[in-house]
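This briefing concerns the charged side-chain pairs of one protein model. It is arranged by topic for a reader with the coordinates at hand.

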Amino acid sequence: MPRRDPSRSSLSADRRKVGDVEVLALGGELDMASGAELWTLVEATGPEAGGVVLDLSGLDFLDPAGIRAILEARTAARATGRPVELLCRQDTPAYRTLRLTGMLGKLRVYRDLDVAVSAAGPPAP
């Protein structure tokens with residue numbers, strides 16, 4: 001089996017803005033090797049982002065180290081006043097991992113982008 005080059009990232013992110021919220025659609029693998037990159041991606045959204053939605057639907061692989069990276073990135077972003085919400089379709093490897101590890105009962109995971117953006121955005125006046 002070919003070995004992955006550790007200098008090349010196995011995590012990708014497509015970034016788009018929906019209102020005041022930055023949506024990061026993650027792809028590839030989120031694991032011990034790529035976990036630190038997640039905070040870099042969240043931090044790069046900048047303070048002007050009202051909140052962040054991490055779309056996990058495009059991940060091919062998510063392991064417990066990747067879940068820990070998600071939790072750490074959420075905690076760090078929230079400490080700076082930016083909410084981070086999770087979005088994930090049910091028919092994906094990431095959703096299965098969240099279900100099998102019991103994290104669906106501990107985390108709010110939205111299945112609808114509009115609802116996730118609303119939760120991450122500024123409170124209604």
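**Salt bridges and their surroundings**

Aspartate 91 is exposed, its relative accessible area being 58%. The model is a predicted one, and a search of the whole structure finds three salt bridges in it. Side chains of opposite charge can pair when their charged atoms come close.

**The pair of arginine 89 and aspartate 91**

- Aspartate 91 meets arginine 89 in a salt bridge, with an N to O distance of 3.3 Å.
- Arginine 89 is partly exposed, at a relative accessible area of 45%.

- Glutamate 85 is buried, because its relative accessible area of 2% falls under the 20% cut-off.
- With arginine 78, glutamate 85 forms a salt bridge in which the closest N and O atoms are 3.9 Å apart; this pair counts as a salt bridge because the cut-off is within 4 Å.
- Arginine 78 has a relative accessibility of 36% and counts as partly exposed.
- With arginine 108, glutamate 85 forms a salt bridge at 3.0 Å, N to O.
- Glutamate 85 belongs to strand β4 (residues 84–87), whereas arginine 108 sits in the loop between α3 (93–100) and β5 (109–110), so this pair ties together parts that are 23 residues apart in sequence.
- Arginine 108 is likewise classed as partly exposed, with 48% relative accessibility.

Methods. Residues numbered from 1 in each chain as written. Predicted model: local features only at pLDDT ≥ 70, side-chain atom pairs only at ≥ 80, totals over all residues. Heavy atoms only, no water. Salt bridge = Lys/Arg side-chain N within 4 Å of Asp/Glu carboxyl O. Buried < 20%, exposed > 50% of the residue type's maximum accessible area, 1.4 Å probe, protein only. Helix = DSSP H or I, 4+ residues; strand = E, 2+ residues; numbered from the N terminus.
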